[in-house]
Amino acid sequence: MAFTFCCSAMQGRTAGGIAGGNNSANGFVGVRDGKLCRNGKRYAFIGTNFWYGAILGSTGRGGDRKRLCRELDDMKKNGIDNLRILVGSDGQEGVTTKVEPTLQRAPGVYNDTILDGLDYLLAEMGKRGMVAVLYLNNSWEWSGGYGYYLEQAGEGKAPRPNEDGYPAFMNFVERYAYNEKAHKLFYDYVRFIIGRTNRYTHKAYKDDPAIMSWQIGNEPRAFSVKALPAFEKWLAEASALIKSLDPNHLVSIGSEGAWGCENSFEAYEKICSDRNVDYCNIHLWPYNWGWAKADSLIDNLPRACANTKDYIDRHIAICKRINKPLVMEEFGYPRDGFTFKPGSPTKGRDSYYKYVFGLVEKDVAAGGPFQGCNFWGWAGSARPRHEQWRPGDDYTGDPAQEQQGLNSVFSCDKTTLAVIRQAVGALKK
């Protein structure tokens, strides 16, 4: 499917017109008439999650620039040029199930090696024509996020799900929606990051086309129905702040969809309708959501695919109403037999990926809003040493709280990579 799609250089936005900046014909990703566009053409893609990219780009602990460049080259070779990346984790180190090294050790105290790694990552991505979706916060424990900001705002120590259980953790982080002091600390961080200039390219971040979107957070949630109004208010404030700091880039939420809005499609439509939100996100996890079982992953594929289509279709309908693009920026499927070893069979995963990629291709061909997807996640040449990540181990696509290899795509997963290349080729026809 070949598209000629005019993204003329215009400042700001008009009804049904351009969103996301005034340079969308010069490598920036923009939105026009409800579709993503780049360099004058409609932009549809198969991407991945590469949350640890900034750490890998550093020269400090955890850094490995040779590996980073190999991974970027390998992704590019396979047609993957859209990477969703964590800007940095927050808070103290030495905590089981948490990503480290951290970037924001305390409010206003930053680890310069991680900032340097982010600069280097973006510079290397720019050389390869790749783009990054950079998320700034996290509702979950593995990078700090909500729990960190609440602790700094005086709410006490955040429970750890691996020790106290997820119900205790979620009851605690529900407070984030209401806590204006926590919000202010986050906004200070946002101003600092977006105001940065890359020390390698000498470009201000706001002027760098290697960034596709600033994203408020990874899977931001209200964590209760009663917190939804405060949650919606916070997202509106955050998106307005980001847009005021950087009118050149797209703003996105990082939402799971209705699943992340207490199963309210109405709340999801409301937050996505905000004028400062340029495109919509959903995430989808058949195993986590109970649509597929560990002992019957292949047998459960028909149900997983049917529920996937229904979930996507309901969000496509919303995007059509509000005339905004949709990206499914997280999805995964475990390896056959619920094993974790690189190169182990992935018949179920390959089939699920192929199904999801087919939905993107079909909607793009029909002129619909479903523009792309980012599988979770890229592990490339990593070789896990332990089922639970420990400092010094390779970073994989699975964060520290998950089994290493659970949802990762390794460079030796030949059948999965073949499915990805085929899908990329279909979108470019």
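Visitor: At what angle do helix 2 and helix 3 pack, and how far apart are their axes?

Guide: Two packed helices are described by the angle between their axes and the distance between those axes. In this predicted model, helix 2 (residues 65–77) and helix 3 (residues 112–127) pack at about 35°, with axes 11 Å apart. The crossing is right-handed.

Visitor: Which residues of helix 2 and helix 3 meet?

Guide: Helix 2 contributes Arg-65, Leu-68, Cys-69 and Leu-72, which meet Asp-116, Tyr-120, Leu-121, Glu-124 and Met-125 of helix 3. By class, this contact holds six nonpolar, three charged and no polar residues.

Visitor: What is the strand order of the open sheet of eight strands?

Guide: The order is 11-10-9-6-5-14-13-12, and the pairing is parallel. From one strand to the next, the twist averages 25°. Within the sheet, two bridges join strand 5 (residues 45–49) to strand 6 (residues 82–86); Asn-49 has Arg-84 as its bridge partner in strand 6.

Visitor: Which strands does helix 3 lie across, and which does helix 12 lie across?

Guide: Helix 3 lies across strands 6, 9 and 10, running at about 150° to strand 9. Helix 12 (residues 414–428) lies across strand 5 and strand 14 (370–375), at about 140° to strand 5.

Note on methods: Residues are numbered from 1 along each chain as its sequence is written. This is a predicted model: local features need pLDDT of at least 70, side-chain atom pairs count only at pLDDT 80 or more; totals for chains, interfaces and linings use all residues. Side-chain values use heavy atoms; hydrogens and water are left out. Axes are lines fitted to C-alpha atoms, for helices over the stretch in contact, and angles run from 0 to 180 degrees between N-to-C directions. Helices (H or I, at least four residues) and strands (E, at least two) are DSSP runs, numbered from the N terminus. A crossing is left-handed if the near helix is turned anticlockwise from the far one by less than a right angle, and right-handed if clockwise. Contact means heavy atoms within 4.5 Å. Ala, Val, Leu, Ile, Met, Phe, Trp, Tyr, Cys and Pro count as nonpolar, Asp, Glu, Lys and Arg as charged, and the others, Gly among them, as polar. Two strands pair if DSSP finds at least two bridges between them.
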